Amino acid sequence: MEEKTLENSHPTHNVNFAQPRNFRKKLKSNLAETFFPDDPFRGFESEPPKKRLLKGVQYFVPIFEWLPKYNLRLFRYDILAGITIASLAIPQGISYANLTKVPPIIGLYSSFVPPIIYAIFGSSKNLGVGTVAACSLLMAETIGDKVSPTQNPSLYLQLVFTATFIAGIIETTLGVLRLGILVDFLSHSTITGFMGGTAVIICLQQLKGVFGLSHFTTKTDLISVLKAVFSHRDEWHWQSAVVGIIFLTFLQFTKYIRTKKPKLFWISAMAPLVTIIIGGLFAYFAHAEKYGIEIVGPLKRGINPSSIKKLNFDPKYISAPIKAGILTAILALAEGIAIGRSFAIMKNEQIDGNKEMIAFGLMNIVGSFTSCYLTTGPFSKTAVNYNAGCKTQMSNIVMAIIMLLTLLFLAPLFSYTPMVALSAIIMSAMFGLIEYDKAFHLYKVDKFDFCICMVAFFGVVFINMDIGLGLSVGLGIIRALLYTARPETCKLGNIPNSNLYRDVKQYPVAARTAGILVLELGSPIFYSNSSYVRERILRWIRDEESSVDRQGDSVEHVILELGGVTSIDMTGIEGFFEVKRLLEAKGIKMAMVNPRIEVLEKLIISKFIDAIGKELVFLSIDDAIRACRFRLDGTNKVNGEDNA
């Protein structure tokens, strides 16, 4: 009788047991994948040295790439966009400077120098550079805990510049070392909750300006702010509240117009500047100060003075700017890069996150030398820049030129701006950051993400900003660790009339093969989860053998599908040795399918492949099933002949 062989029944695809790569090659590959996943220098090697140098300069300084191609047609769009965002930069600059508790002129300075630096080094064509509310309040809260902005304003301002410098150093370092992965720890859920909570406390902070209060708390939590507002009812000025409500209603109405008719976006973009102009005229002619309506005060003409000598690294105070610098740097990067990418996608463009970090870092370093505080890419200004039809980074240069003219000639005109008008502008901007729809979407899609979002929100609102942010990030890291420590495994079955094998829970029609258990491992195997993986494999075997419809049908082969195992450490390999010994004690053979190159190399070097035999390592599940069936058929045939 002709003997049946595996080779004749089915062509088996062989696994490539190549000689493991040397350490240098593996290290180079891993470093390239970790720090250069986007392969930014592709195509450089094929170019001549001069062209390679030119491309290198264009890569690190993007203005040399887009400026030579610039023309008048593009400038027509950029000048309109630049004028539009400048009209928003003036009121926002003054408002957010007030939020940071620094002189209003600092806010105008911060919209002059940083945009020029970004236009040179930034890669986003849509990003509008400026100060942001969240970082402004976070810096005020962190540094204000160390030095009072009212009792020692000079030292407070020095520490703000120092925090900006430290933030710039951190951002530049992260970009140069290509460590953008650190920013990824601020998940979408964390940012949504943090921004929402920050918007709430910023709105509450503006009650001081709305009611014209002279005394207020330095704390930011909900309880402290409400206590301060209601404990000083004797300082309330109804005139200030009425003016504030009128301005806020006007600003919200212009936003409503923009929502109904997007082409009229410029109305809402110009509304803050109109509010400041009308407010200034009202305060001047009505002598608003007599009625308890506070004004901004004197604003001097002139461009940014040097502040290098104002950087303060006194050990007695340095802890505050270091803390503020770290927190605001990470937050500014996460917000700015996310916003830049969002608007780039709308134009089917890409931006380099690491180049953005360098650009943000440099503009904050230079900004700290020129009397500016922390800047990034705010959503409001970027959205206006995009809707105004910007084509290149030139729109930021146009904005900077307009800010220069404002500083040289127009700054004193804004000295009569009512503080209540600034409060209305800030509150109107903050309403858009409380994203109820996103929170509800998180609740529907992923309850754990919703919890992370709510921890950030309530932590910021009821405790303070850095604790709220820290709790949310910590919860996110715990979740990631849980996913790592308890990786998903599943049992695979054959989809009828195909050679596909899928999760039997997801596809109940998937059929098992008698005597063979196929398991898929879907994550790296490290010291933190190797024990769990071992116990889970043994439990799958016990469940399979004790299943009601499997009585008397013992498992003789376990096939581990390793396509999802991207890496393994020594503890994981020892775990495989232990699984093999336990299975052999039960008379069960262990086979592997599709190990990745890094995993296979380690299994070869550790002699695990020799221990199970190369004949039990397969390229596909189909090959493994056929081989196991062949062995089962051969064993049954021998047993049958012995019984005869």
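Reader: Which strands does helix 23 lie across?
Author: In this predicted model, helix 23, spanning residues 530–546, lies across strand 1, strand 3 and strand 4 (557–561). Its direction runs at about 150° to strand 3.

Reader: And which strands does helix 24 touch?
Author: Helix 24 (residues 570–585) packs on the sheet and touches strand 3, strand 4 and strand 5 (589–593). The direction of helix 24 makes about 140° with that of strand 5.

Reader: How many strands form the sheet, and in what order?
Author: The sheet is open and is formed by 6 strands in the order 2-1-3-4-5-6, with mixed pairing.

Reader: Which ones are the edge strands?
Author: They are strand 2 (501–503) and strand 6 (617–618), each of which pairs on one side only.

Reader: How many bridges join strand 1 to strand 3?
Author: Strand 1 (residues 489–494) and strand 3 (residues 516–521) run antiparallel and are joined by 4 bridges. As an example, Cys 490 has Glu 520 in strand 3 as its bridge partner.

Reader: Changing topic: at what angle do helix 5 and helix 19 cross?
Author: The axes of helix 5 (residues 72–100) and helix 19 (residues 419–431) cross at roughly 95° and come within 9 Å. The two helices are therefore roughly perpendicular to each other, since angles of 65 to 115 degrees are counted that way.

Reader: Which residues make the contact?
Author: Helix 5 contributes Pro 91, Ile 94, Ser 95, Tyr 96 and Asn 98. From helix 19 come Met 419, Leu 422, Ile 425, Ile 426, Ala 429 and Met 430.

Reader: How many of those are nonpolar, polar or charged?
Author: The contact of helix 5 with helix 19 comprises 9 nonpolar residues, 2 polar ones and no charged ones.

Technical notes. Residues numbered from 1 in each chain as written. Predicted model: local features only at pLDDT ≥ 70, side-chain atom pairs only at ≥ 80, totals over all residues. Heavy atoms only, no water. Pairing = 2+ DSSP bridges. Contact = heavy atoms within 4.5 Å. Axes fitted to C-alpha atoms, helices over the stretch in contact; angles between N-to-C directions. Parallel < 35°, antiparallel > 145°, perpendicular 65-115°, else oblique. Nonpolar A, V, L, I, M, F, W, Y, C, P; charged D, E, K, R; others polar.
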